Amino acid sequence: MNKIEYGTNVILIDEERGKRHMTKLREGLRFTTQYGFIEHDEIVKLLDGGIITASKGVRYRVLKPTYIDYIMNIKRRAQIIYPKDTAAMLMEGDIYPGLNVLEAGVGQGALSIAILRALGRQGTLTSYELREDFAGDAAKFIAEFYGEASNHDIQVRNIYEGIDGEYDRVLLDLPEPWQVVPHLETGLRQGGLFVCYLPTILQVKSCVDALREAGCFDEINSFELIKRPWKVDGRSVRPEMWTFNHSAFIITCRKVEKMMPKVKVEKAEVSEESEENYEMPEEE
């Protein structure tokens, strides 16, 4: 598992500045940097975590990319869901092997990869993407990092127009998810979970209102996540001067049996005439 091979990506970190570079290894090629060059043929001789020296004498640490490394270093045309939010969506959505999951708004496929890993090649993932170019990019990036996924189906279509089939989970990264809420009546099974990713609070308000009006969603929650790094260096222990602040809001809820409105029971009125004519029973 720790062997480095041609056709895979590696992360190279220089010892001078700690800058990270991601490159795909090809036979006969070289990685060029301000510190010289490194032959790809020499990199594949290393194990994950090894060290290699560039032609100008600067050393580089060689690592296999993690999910976060890969997602944060891919060249993208669409905004991604950041890993801190992806983790929460998987946990709040309770994604596990064997589920049938629907997502819409695939973008570059960052969330798709995370869902596929959580499913563990059991169950299915169906992805709706409106733009054909984004769907193509996502398929390429998913295959590059995750590999072939026979349980994944990317469809170029508009989820605002409807959902085919019934799913255990529905996850959305769309500008107007409230348009999807009516389709969840048949597209999301009872007891299933809905998770939505939105950048602005006004979008959150519109989506939550739609969920409440539908009458078949409970445990509706909205939140955001802020990541605060700390510096721990010798006697210096303090928060970093920067933080991962707002990226987006996350909405979660569960589909439940639709509750019928309460029937108001009016109290019967007793007329004065009936009160006058009412006789108390005689005591024996």
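Which elements each supply at least two residues of the lining of the largest pocket?

## Largest pocket

They are β7 (100–104), α4 (110–119), β8 (124–129), β10 (167–172) and β11 (188–198). Helices (H or I, at least four residues) and strands (E, at least two) are DSSP runs, numbered from the N terminus. The model is predicted: local features need pLDDT of at least 70, side-chain atom pairs count only at pLDDT 80 or more, and totals for chains, interfaces and linings use all residues. Residues are numbered from 1 along each chain as its sequence is written, and side-chain values use heavy atoms, without hydrogens and water.

The largest pocket holds about 550 Å³ of space. Its lining has 34 residues, with G105, V106, D173, L174 and P175 closest to the centre. By type, 21 are nonpolar, eight polar and five charged.

A pocket is an open set of points on a 1 Å grid over the protein atoms alone, where a 1.4 Å probe fits, with protein on both sides within 12 Å along at least five of seven lines; lining residues have an atom within 4 Å of a point.

## Second largest pocket

This pocket has a volume of about 450 Å³. Its lining has 14 residues, and M1, T8, K64, P65 and F145 lie nearest its centre. β1 (9–14) and α5 (132–145) each give two or more residues to the lining. Six lining residues are nonpolar, three polar and five charged.

## Residue N9

N9 sits in strand β1. Beyond its neighbours within four places in sequence, N9 contacts (heavy atoms within 4.5 Å) M22, T23, K24, P65, Y70 and E144.

Key. Grid points are joined across faces, edges and corners, and a volume is the space filled by probe spheres set on the points. Ala, Val, Leu, Ile, Met, Phe, Trp, Tyr, Cys and Pro count as nonpolar, Asp, Glu, Lys and Arg as charged, and the others, Gly among them, as polar.
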